[in-house]
Amino acid sequence: MKWDWSAVSDFMPHFWDGLLVTLQILVLGSLVSFGVGLVWALLMRVPSRWVTWPVGVITEFIRNTPLLVQLFFLFYVLPEWNITFSALTTGVVAIGLHYSTYTMQVYRAGIEGVPVGQWEAATALNLPLARTWTAVILPQAIRRVVPALGNYVISMLKDTPLLMAITVLEMLGEARLFSQQNFQFTEPLTVIGVAFIIISYLASLALRALERRLVH
Amino acid sequence: MSTETLPNPEKSPEQGGGELIRLEQVTKRFGSNTVLDHLDFAVDAGKHVTLIGPSGSGKTTILRLLMTLLKPDEGTITVDGQKLFPATEKERREVRKQIGMVFQQFNLFPNMTVLRNITEAPVTVLGMSKDEAVERAKGLLDMVGLADKCDAHPAQLSGGQQQRVAIARALAMRPKVLLLDEVTSALDPELVAGVLDLLRDIARSTDITMLCVTHEMNFARDISDQVLMFDSGRVIEAGPPEKIFSEPEHDRTREFLSAVL
Amino acid sequence: MTSGLWELVLQGVWVTIQLLFFSALLATAVSFVAGVARTHRLWIVRFLAGLYTEVFRGTSALVMIFWVFFVLPPAFGWQLVPMWAGTLALGLTYGAYGSEIVRGALAAVDPAQKEGGIALSFTPWQRMKLIMLPQAVPEMIPPFSNLLIELLKGTALVSIMGMGDLAFSGNLVRLALQESAEIYTYILLIYFVIAFLLTRVMRGLEKKLKAGVGKAPQKKTAAVRVPEGSGVS
């Protein structure tokens, strides 16, 4: 195996560009998944099958089909409907939506984990339903689910390279571009492979520290 | 302990000794188990009523029905002349304003400070200004002997302290009726007396109507105007505490009292 | 859509199913080898198995696929056919996740069971084979079922390498028809149906395995016993 350090140093500027885009996708995609997942979880608690059934089917569908095809769908179909976003925005929406179907399950568990006595106390104090959710239930539920949400952020990190397929130049996209231009595949692909391992390792350390802080 | 700060619903004429709570033909089933069986009873305003009886006899179910945590399968419940069941959720919310409850497990909101626990409902439900709510909450905390715990979170308090905060939280809504559901059952023995003393004070110095489920027979004797003995979803004996505790008529009452006293 | 294009899609389904089958096989083998190795008494075995898990879980499946397709051939001088390259990348990546499932399920077996095996002077391998695995495997099925769905979704990644799987056939039809909504809807529906069928099969397998352990006649040792209530679920 031959290894060319000069190829590594040539690639590094592109690597940093790609890393920036990867982190951008990760942060924005996480925010979308946290928000939309919460909406799904709350809709699933509406006491009407006219709501829970469609929401259940839609989210099952999104969760059980490949993110890659969903990316293609949004990337090629939306323009046909005269809705045009940048590739990055499309990618963030797709990945956020995909992961919202996972975060909704996390929220559901968190909400169900709030003791029933909390609901009863809210009723006894006559708090309106909206206030019960925002002031009593959700603050407790979300605190419980932070570690699980964090795990999905780490999973999402490993799915960010899929956005390369819709022309987004995140880390893998940069590596492929560089490889094709310079006919050097080993170095850039190995660099980003190692980068993924390091980032997800650091992220899991950070998450464990956060978990410890939340537990006390 | 200052009693001046106690919320003191004025003795309004329509309430002066009149009937406040009425249950008619109330039935509650859990699956095939009938917990309350066509129950009738009424409580007059300002009275302190204690429900006693073996566990599973339906005492707590009555409190939970009055707090609308449960729905009766049959029958009507009226509070202060207004229907609680059957009624729309909107009507129920109005009636519920007059009722407060203290739970066995305290059920304080762990994500809020002690002060916020008490001010939350007066501000969001009664529309009280924040300053006024805080001032009253501090008065109530002073009364329950926890003036220095305003900024603590419930988890930092002992069980007895948490229950005293829960009592203050219920009183902050100035309810006409206070429901006490085995409020000392979850406490360590040495913390029970403090909470019971506080409730005795409240019983003595206010006109608040109390409905109390307890296993503390001495406490029941002290504060009650009336004691109701429950068995299998029915009231089998009722009367002033002197009578129930000293010369019970019913065999089941005698058995029960000899087991718990 | 013409029948010719449908034929293209069907070929894609067939490639996806083959890839899923082979990579699931490899992932299962890797899961058990690495998962069991992480309970080994030698620290070096545990360490190597743990290292494998961390590395392959830490990286992205798609990056791994690129690596297998583009870095392995020049580095080692052999070129894998795409099907085996895809199988290798997916099997190793998802096997790393699977090894966590195996490790977790083994750790959840009541320690008294292990002691029972020691008391009967089984060798470590006999304990694993006769006591630990029969009890742990039924518990692994639900998480493995989820992982299988993730793997199915992961197979779509090979389309980026130009392999003619289901997702790739969608791209071809899109190019042929210059229209995307219809074909991608079909493609997603086909994936959904496959996922649904897989879930059903795994649920049946779980029932069968749990019943199998629950009903198993007392074997050589009374230690092969299942905790209360795990017979049906």
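Me: Let's start with strand pairing in chain B. Which residue is the bridge partner of Arg29(B) in E2(B)?

Reply: In this predicted model, Arg29(B) has Thr34(B) of E2(B) as its bridge partner.

Me: How many residues lie between E1(B) and E2(B)?

Reply: Two residues, and the strands form a hairpin. Have a look at Gly31(B) in the turn, where phi is positive, at about 60°.

Me: With which other strand does E1(B) pair, and in what sense?

Reply: A general idea to keep in mind while you look: in a regular strand, side chains alternate between the two faces of the sheet. Here, E1(B) also pairs with E4(B), residues 74-79, in the antiparallel sense over five bridges. To find this pairing, pick Leu23(B), whose bridge partner in E4(B) is Ile77(B).

Me: In what order do the six strands of the open sheet come?

Reply: Reading across chain B, the order is E6-E7-E8-E3-E9-E10, with mixed pairing. E6(B), residues 99-102, and E10(B), residues 234-239, are the edge strands, each pairing on one side only. On average, neighbouring strands are turned by 20° against each other, ignoring direction. Within this order, E3 and E9 sit side by side; E3(B), residues 48-52, and E9(B), residues 226-231, run parallel and are joined by four bridges. Leu51(B) stands opposite Leu228(B) of E9(B).

Me: Now the helices. At what angle do H1 and H7 of chain A pack?

Reply: Two packed helices are described by the angle between their axes and the distance between the axes. For H1(A), residues 5-43, and H7(A), residues 171-182, the angle is about 150° and the axes are 7 Å apart. The pair is therefore roughly antiparallel. Their crossing is right-handed.

Me: Which residues make the contact between H1(A) and H7(A)?

Reply: H1(A) contributes residues including Phe11(A), Phe15(A) and Leu19(A), while H7(A) brings Met171(A) and Phe178(A), among others. By class, the contact has six nonpolar, five polar and two charged residues.

Me: Last one: how many residues does each chain give to the contact between A and B?

Reply: Chain A gives 14 residues and chain B gives 19. On the side of chain A, H5 (116-124) and H6 (129-159) each supply at least two residues. H5(A) gives the most, with six. That side of chain A divides into seven nonpolar, five polar and two charged residues.

Notes: Residues are numbered from 1 along each chain as its sequence is written. Chains are lettered from A and ligands numbered from 1 in the order in which they are written. This is a predicted model: local features need pLDDT of at least 70, side-chain atom pairs count only at pLDDT 80 or more; totals for chains, interfaces and linings use all residues. Axes are lines fitted to C-alpha atoms, for helices over the stretch in contact, and angles run from 0 to 180 degrees between N-to-C directions. Angles under 35 degrees count as roughly parallel, over 145 as roughly antiparallel, 65 to 115 as roughly perpendicular and the rest as oblique. A crossing is left-handed if the near helix is turned anticlockwise from the far one by less than a right angle, and right-handed if clockwise. Two residues are in contact if their C-beta atoms, placed from the backbone, lie within 7 Å. Ala, Val, Leu, Ile, Met, Phe, Trp, Tyr, Cys and Pro count as nonpolar, Asp, Glu, Lys and Arg as charged, and the others, Gly among them, as polar. Two strands pair if DSSP finds at least two bridges between them.
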